[in-house]
Amino acid sequence: MNPFNYQGPVAPPRLIDRRGELDVLQRAAGDGVAIRLAAPRRFGKTSLLDAHVASMRVVGHRALRVDLSRVATVGDVAARVAEAFSALPTDPRRSVRRWAARLGVSAKLAGVKLSLAPSTARPPADEARAALLELLDVPLGLHQQDGGLTVVCLDEFQDLLVADDSLDGLFRSVIQHHGGAAAYVFAGSQPSLMRALFSDRERPFYGQARPLELPVLPADEAARDIESLLTTDGLDADGAVDELLVFSGGHPQRSVLLAHHLYNVLDGPAPPEDPAAAAIDLALAETRDAHQAVWDGLGRVERIVLLALADGQAPTGSRVAGEHRIARSTLQDALERLLADERNVARDGHGRPYVLDPLLAEWLRRPRCELPWSRCRRPASRCWRW
């Protein structure tokens with residue numbers, strides 16, 4: 001069985017590296033220090049949180065992850081909290097069981113997976129707020145009962161503001177009194193919004209969490225972990241892992257995706273002469289439609305900037321501006337829009353913009369057709385060489 005799962009969070013035993021980040025999270029939990037964890041999407045944030053939860057449970061603490069992604073209403077938030085807290089021992093005030101039914105959550109507090117009713121079937125916002133106020137206090141009730149610690153990881157914390165711009169204030173009003181009862185990790189995949197939530201003096205959580213950035217995977221440690229899994233199944237990568245990690249730039253999800261295809265290539269009846277190139281080709285074929293969707297969703301100037309970044313050019317320089325007859329200020333505005341979006345472009349440790357997804361960058365660099373201009377009938381907006 002291929003050990004490289006890239007379509008969801010990685011199981012804690014399969015987590016590649018992240019030893020340093022796990023150590024920071026564990027020490028912070030022991031010290032009762034809140035952590036703000038920020039990373040772009042597909043950087044392994046949820047996998048790291050699941051590994052942290054697992055390690056905390058091993059040493060005897062209660063631990064859970066609350067998935068707040070794409071919550072749309074206060075009722076959604078309350079239902080997600082009730083769902084996650086159902087993994088805890090029955091709380092002394094029976095808050096989870098009592099509110100679960102009223103929130104449309106079928107809860108059996110014995111590890112059985114819950115089913116959530118549609119948000120339209122949930123109680124009104126005022127009742128959902130009342131539920132949140134009581135549910136969020138469950139760790140305190142458990143601590144008063146047995147003196148134990150509960151580790152709570154709030155995943156995609158910034159999505160609270162979609163449901164209600166004041167919900168971070170409600171969370172803060174409750175958990176500020178938890179002291180030694182609970183340790184919190186606030187995690188999000190929109191780094192700029194997460195920074196604003198904790199560094200804006202007007203927000204309730206201003207200065208209330210220690211920042212932890214999730215960087216790309218270090219090449220040496222990632223190579224060691226990937227090669228170990230390949231060797232366990234009798235596969236010899238012969239330098240291909242290093243090539244793929246150079247190509248991926250340490251992007252966590254893309255590194256695992258490439259490792260998955262490399263495993264299949266090496267495990268085939270006739271491994272190719274260049275297994276790294278074959279793995280990249282397979283990964284590009286799998287992600288082609290997603291890249292096309294990104295391309296189709298951009299305007300002309302944003303496309304020019306993205307192409308320049310993929311080619312290693314200065315996207316707002318005079319060469320790109322002159323080639324396309326566009327003012328450099330217009331290119332700069334487009335670059336700022338891409339950076340603000342945070343899905344396709346980011347800045348590296350030196351402040352230089354780059355394409356986040358190495359497969360998207362490679363897809364942009366590769367020609368998609370060999371037709372001469374005279375025979376091409378594709379609209380300019382869909383043509384590689386416009």
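I searched the whole structure for salt bridges and got 21. My criterion was a side-chain nitrogen of Lys or Arg within 4 Å of a carboxyl oxygen of Asp or Glu. This is a predicted model, so I kept local features to pLDDT of at least 70 and side-chain atom pairs to pLDDT 80 or more, while totals for chains, interfaces and linings use all residues. I number residues from 1 along each chain as its sequence is written, and side-chain values use heavy atoms, with hydrogens and water left out.

**Salt bridges**

I looked at Asp225 and Arg19 to begin with: their side chains meet in a salt bridge at 3.0 Å, N to O. The two sit 206 residues apart, Asp225 in helix α10 and Arg19 in helix α1 (residues 19-31). Helices here are DSSP runs of H or I with at least four residues, strands are runs of E with at least two, and both are numbered from the N terminus. Asp225 is buried at a relative accessible area of 13%, whereas Arg19 is partly exposed at 43%. For those words I use under 20% relative accessible area for buried, over 50% for exposed, and partly exposed in between (1.4 Å probe, protein chains only).

Next I checked Asp168 and Arg203, another salt bridge at 3.0 Å, N to O. Asp168 is in helix α8 (residues 167-175) and Arg203 in the loop between α9 (191-199) and β7 (210-213), 35 residues apart. Both ends are buried: Asp168 has 1% relative accessibility and Arg203 has 18%.

Glu362 is buried at 14% relative accessibility, and Arg365 is partly exposed at 36%. I also found a network, in which salt bridges with shared partners join Arg41, Lys45, Asp50, Arg65, Asp155 and Glu156.

**Core**

Which residues touch the most other members of the largest nonpolar core? I got Phe4, Ile226, Leu230, Val241, Leu262, Leu331 and Leu364, out of 53 residues in that core. I count a core as buried Ala, Val, Leu, Ile, Met, Phe, Trp, Tyr and Cys residues joined through side-chain atoms within 4.5 Å. Elements giving two or more residues to this core include α10 (219-232), α12 (252-266), α13 (275-296) and α14 (300-310). With eight residues, α14 gives the most.

**Surface charge**

I found a patch of negative charge made of Asp220, Asp236, Asp238, Asp242, Glu243, Glu273 and Asp274. For such a patch I take residues with over 30% relative accessible area and no salt bridge, and join like charges within 9 Å. Asp242 belongs to helix α11 (residues 240-248) and is partly exposed at 42%.

**Backbone**

Most residues other than glycine have a negative phi. Arg325 has a positive phi of about 55° although it is not a glycine. Arg325 lies in the loop between α15 and α16, exposed at 80% relative accessibility. Glu342, also not a glycine, has a positive phi of about 70°. I place Glu342 in the loop between α16 and β8 (345-347), and at 14% relative accessibility Glu342 is buried.

Technical notes:
Patch = residues over 30% accessible without salt bridge, like charges linked within 9 Å, V, L, I, M, F, W, Y side chains within 5 Å. Areas by Shrake-Rupley, 256 points an atom, 1.4 Å probe, with all protein chains shown as cover. Lys, Arg positive; Asp, Glu negative; His and termini not counted. Charge placed at Lys NZ, Arg CZ, Asp CG, Glu CD.
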